[in-house]
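Below are some notes for a colleague who is meeting this structure for the first time. They are set out as numbered points, to be followed with the model in view.

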Amino acid sequence: LFLDTPADQYDRVLDINFGGVVNCCRAFGARMVARGMGGHIVNVASMAAYSPTQAMNAYATSKAAVFMFSDCLRAELDSAGIGLTTVCPGVIDTNIIDGTRFDVPTHKRSEVETLRAQIKKGFALRRYGPEKVAKAIVSAVQNNTPVRPVTPEAYLVYGVAHALPQVMRSTARANLG
């Protein structure tokens with residue numbers, strides 16, 4: 001939760017997830033414009049960018065920043081013939097959880113490995129791997145698609161977030177249990 005997250009941990013998530021995207025776009029976008037041959041940038045956000053939750057404040061905030069930044073940059077780069085796609089994968093079975101640092105309050109640190117195991121099990125059950133994300137990215141680049149949710153839940157949540165934003169806000173307010 002936000003109020004339990006030390007400022008340095010919150011800033012770390014923003015620096016990595018949002019700052020990394022900004023720095024890469026600054027470096028490569030400028031070179032692409034100068035080259036004058038068009039091209040395409042792909043930024044990876046998350047369905048968390050449009051689905052608020054109490055449990056992932058820093059992560060969702062950083063991905064929402066990537067989402068909006070990408071929309072703004074897409075508009076800016078259009079005149080240079082450079083497309084930009086924001087990919088929002090959803091739940092994908094990768095090894096990301098193995099390397100994830102869970103910043104949790106001190107009194108919950110003993111629960112981290114249990115949480116990690118539960119998340120890994122859930123991801124494995126999905127059988128929705130990175131190859132499906134890769135295919136979605138290639139298709140999105142070929143079609144200059146602005147936003148590309150990948151998994152069925154990412155599409156569903158994207159639709160609900162745009163059609164019924166209050167539902168997303170109400171869901172986020174629900175007790176974590």
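1. Three strands make up an open sheet in the order E1-E2-E3, and the pairing is parallel; two strands count as paired if DSSP finds at least two bridges between them, and helices (H or I, at least four residues) and strands (E, at least two) are DSSP runs numbered from the N terminus. Strand E1 (39-44) and strand E3 (147-149) stand at the edges with a single partner strand each, so one side of each has no neighbour in the sheet. From one strand to the next the twist averages 25 degrees.

2. This is a predicted model, in which local features need pLDDT of at least 70 and side-chain atom pairs count only at pLDDT 80 or more, while totals for chains, interfaces and linings use all residues. Residues are numbered from 1 along each chain as its sequence is written, and side-chain values use heavy atoms, with hydrogens and water left out.

3. The pairing can be followed strand by strand. E1 and E2 pair in the parallel sense over six bridges, and valine 42 stands opposite threonine 85 in E2. Strand E2 (residues 82-88) is joined to E3 by three bridges, again running parallel, and the bridge partner of cysteine 88 in E3 is proline 149.

4. How many residues of E2 are buried? Seven of the seven are, so E2 is largely enclosed by the rest of the structure; buried here means under 20% relative accessible area, exposed means over 50%, and partly exposed lies in between (1.4 Å probe, protein chains only). Both faces of E2 are covered, with Ile82, Leu84, Thr86 and Cys88 buried on one side and Gly83, Thr85 and Val87 buried on the other.

5. Helix H1 (residues 7-35) lies across E1 and E2 and runs at about 175 degrees to E1, where axes are lines fitted to C-alpha atoms, for helices over the stretch in contact, and angles run from 0 to 180 degrees between N-to-C directions. H1 has 29 residues and reaches 40 Å from its first C-alpha to its last, close to the 42 Å expected at 1.5 Å a residue, the expected span being 1.5 Å times one less than the number of residues. At glycine 19, H1 bends by about 35 degrees, a bend being the angle between axes fitted to the seven residues ending there and the seven starting there.

6. The buried residues of H1, among them Tyr10, Val13, Val22 and Met32, pack against E1, H2 and E2, with contact meaning heavy atoms within 4.5 Å. After H1 comes glycine 36, whose phi is positive, near 70 degrees.

7. Helix H2 (residues 57-77) lies across E1, E2 and E3, running at about 165 degrees to E2. The 21 residues of H2 should span 30 Å at 1.5 Å a residue, and its end C-alpha atoms are 30 Å apart, which agrees. Its buried residues, including Ala58, Val66, Phe67 and Leu77, pack against H1, E1, E2, E3 and H6.

8. Which members of the largest nonpolar core touch the most other members? Of its 20 residues, these are Ile41, Tyr50, Phe67 and Cys88; a nonpolar core is a set of buried Ala, Val, Leu, Ile, Met, Phe, Trp, Tyr and Cys residues joined through side-chain atoms within 4.5 Å. H1, H2, E2 and helix H6 (152-163) are the elements that give two or more residues to this core, and H2 gives the most, with four residues. A second, separate core of six residues includes Ile92, Tyr128, Ala136 and Val150.

9. Leaving aside neighbours within four places in sequence, the contacts of cysteine 88 include Met47, Tyr50, Phe67, Pro149 and Ala154. Valine 157, found in helix H6, counts as buried at 16% relative accessibility, and it touches Met47, Tyr50, Ser51 and Met168, not counting residues up to four places away in sequence.

10. Asparagine 144 deserves a separate look. Its place is in the loop between helix H5 (130-142) and E3, and its phi is near 50 degrees, a positive value in a residue other than glycine. Most residues other than glycine have a negative phi. At 33% relative accessibility, asparagine 144 counts as partly exposed.
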